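Have a look at the model, then go through the points below.

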Amino acid sequence: MAPSTLCGESAATNEQTQAAGMGPIVLDRGVAFRVWAPHADRVSVVGDFNEWQSDANEMTNEDNGHWFAFVENAKPGDEYKYQITRGEDVFTRIDPRVRKVTNSVGNGVIHDPNFDWQGDDFQMPAWNELVIYETHIGTFHRPGDSDVGTFADYQHKFDHLKRLGVNALQVMPIAEFAGDLSWGYNPAHPYAIESAYGGPEGFKTFVREAHKAGFAVILDVVYNHFGPSDLDLWQFDGWSENGKGGIYFYNDYRSDTPWGDTRPDYGRGEVRSYIRDNAMMWLKDYHVDGLRYDMTLYIRSVDASGQQEIPEGWGLTQWVNREIHGFKPSAITIAEDLQNNAYLTKSDIEGGAGFSTQWDAKFVHPIRDVITQPDDAGRDMNKVREALLHAYNGDAFQRVVYTESHDEVANGKSRVPSEVDEADPDSYFAQKRSTLGIALVMTAPGIPMLFQGQELLQDGWFQDTEELEWDNAESLGGISELISDLIALRLDRNGCTKGLTGQHIDVFHVNHHDKVVAFVRRFDGGPGDDVVVIANFAHQHFENYEFGLPSQGTWKRRFSSDREAYSDEFGGDASGDIDAMPEGYDGQPCKGRIQLPPYTVLIYSQDA
């Protein structure tokens, strides 16, 4: 027996040398396992491959808090767990780095890392040419009323999104969460893909097919807390202090978050690597094109005041963003912080957190306030002007602009149509002012974002139990066409509105009395570049409204949000093209005169 034992030990040592990394590592002759459990006295890997016998594959202590085992007959598809002994306590845990689980309180599953990407070499659009569509896999499209939407179900609607014109899908979190229904912001297993959605194979297929259809994929990640329920990371190896979470979490006052006592310990090297490796996994193994970090305020500080800072949390985001952009320079990282902190999007060299861009509270909150005011007298044109002009660090594309997001349409707030007219969210006023807001999103400097269903005039509030109202695609199909036309202009698909992809804006006309704002957007300037946008925020039709124009010649109307083709409620009363009059006005060298319908946005440019 001795030679056999020596041979086995030699093989295990060889596999240990080859098996870099953590979690289950699929090798030619079996599967290696490595787990961090510094306070454990004994760790075994148990599973289908050893009939769940704890003495069959005891792990070796590597003397750095890590435990290792090589199991020759283990294979992808096998279920497994770790059995951990600490003192007199014996318990099992799901692998913190497992990619697949049977469910959030079930077993880990060894995931086959091989996947046919079919030559996927998707090129991320430039950030000034992005139009983001925030979306939720479980509710976007469901095959039945009682079903949860899956990655496969979602793909059936790719043609709808292609017609709409968006080119980036920002997917709400898909890490395994408790149960089958969730927004996703309660990750029980941060490395595993939600089993109800289709698991890791389903997500890889989703990304591959999204890329084929022309969509970048940006993924929401949650690093400000884990869980709080179904959380095997909690007291993972049996150790904790103050009754708190153990090795993966702060064990003092810094553990406290609005979602439970589950803030990761950003100062501990193994936890920092756990988060860094998770971020890189999405880009390397799943080919995603960017990450959106959930509420970074609670990574960089203990509470909403932002005063109790967590310096190591800031340092962690710097490191992770640096690693992401070093690996894939085109990848976009988005912060949800909503505190208007310009340092989030400064480089780490300048002391910033190194995010590419951030959700802009100075756009969404004032614009929603203005378009949802019950009376025209309450609409503040200064708020519109300031929202249009705001930028971080002088860069328009360091902000994401929107009127709806998952947070803005829940937690006591509704979709814009319902905020405008709760009793009749399909009414003239709801349609008019909702589309007024969307037109501002698509013409303001910044990266524009829609929330799923805005093109369907979705009403009510966001819930993880209800599918989008796809019947509206027919009854209110003109709204989708309106947004599609705006997106085509925003991305200069017809070669006459390049200015909408540029940095520059001049809000040259602010009429507080009549509630009208006009501005010019430009990239370099000139015909085919300068874009003039005029927006009427009042329930008043103007027969001869005058405003400035940047140059002489014919200004062609590229868009009117009042077209009857968009809605039976709309009047189609806007002027067409304008011949600029050579008279100075609004600080511009020329002047235009138009019919301007109520709650309407008109867009003009000149042929190149």
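**Side chains and cavities**

Let's start with Arg254, which is partly exposed at a relative accessible area of 24% (buried means under 20%, exposed over 50% and partly exposed in between, using a 1.4 Å probe and protein chains only). Keep in mind that this is a predicted model, where local features need pLDDT of at least 70, side-chain atom pairs count only at pLDDT 80 or more, and totals for chains, interfaces and linings use all residues. Residues are numbered from 1 along each chain as its sequence is written, and side-chain values use heavy atoms, with hydrogens and water left out.

**Salt bridges**

- Side chains of opposite charge can pair when their charged atoms come close.
- A search of the whole structure turns up 36 salt bridges (a side-chain nitrogen of Lys or Arg within 4 Å of a carboxyl oxygen of Asp or Glu).
- Arg254 has Asp252 as its partner, at 2.8 Å from N to O, and Asp252 is partly exposed too, at 25%.
- Glu408 and Arg368 form another salt bridge, at 3.7 Å from N to O. This pair links distant parts of the chain, 40 residues apart: Glu408 is in the loop between strand S18 (399-401) and H11, and Arg368 is in helix H9 (residues 361-372). Helices (H or I, at least four residues) and strands (E, at least two) are DSSP runs, numbered from the N terminus.
- Are these two buried or exposed? Glu408 is buried at 5%, and Arg368 is buried at 7%.
- Lys556 meets Asp607 at 2.8 Å, N to O. Lys556 sits in strand S24 (residues 554-560) and Asp607 in the segment after strand S27 (601-605), so the pair ties together parts 51 residues apart in sequence.
- Lys556 is partly exposed at 31%, and Asp607 is partly exposed at 41%.
- Arg97, Arg276, Asp277 and Glu323 are linked in a network of salt bridges.

**Aromatic rings**

- The count comes to 37 aromatic pairs (rings of Phe, Tyr and Trp, taking its six-membered ring, with centres within 6.5 Å; planes under 30 degrees apart are stacked, over 60 edge-to-face, and the rest tilted).
- Phe33 and Tyr80 make a tilted pair, 5.0 Å centre to centre with 55° between the planes. Phe33 belongs to strand S2 (residues 30-36) and Tyr80 to strand S6 (residues 79-86), so the pair ties together parts 47 residues apart in sequence.
- Phe33 is buried at 0%, and Tyr80 is buried at 0%.
- Lys204 lies over the face of Tyr286, 5.5 Å from the ring centre (for a charge over a ring, NZ of Lys or CZ of Arg is within 6 Å of the ring centre and within 35 degrees of the ring normal).
- Lys498 lies over the face of Phe523, 4.5 Å from the ring centre.

**Cavities**

- The structure holds four cavities of 30 Å³ or more. On a 1 Å grid over the protein atoms alone, a cavity is a set of points where a 1.4 Å probe fits but cannot get out, and lining residues have an atom within 4 Å of a point. Points are joined across faces, edges and corners, and a volume is the space filled by probe spheres set on them.
- The largest cavity has a volume of about 80 Å³, and its lining includes Pro173, Leu219 and Trp282.
- Strand S14 (216-221) is among the elements that supply at least two lining residues there; S14 gives the largest share, three residues.
- The second largest cavity has a volume of about 70 Å³.

Key: 1 Å grid on protein atoms, 1.4 Å probe; cavity = no way out; pocket = protein on both sides within 12 Å on 5 of 7 lines; lining within 4 Å.
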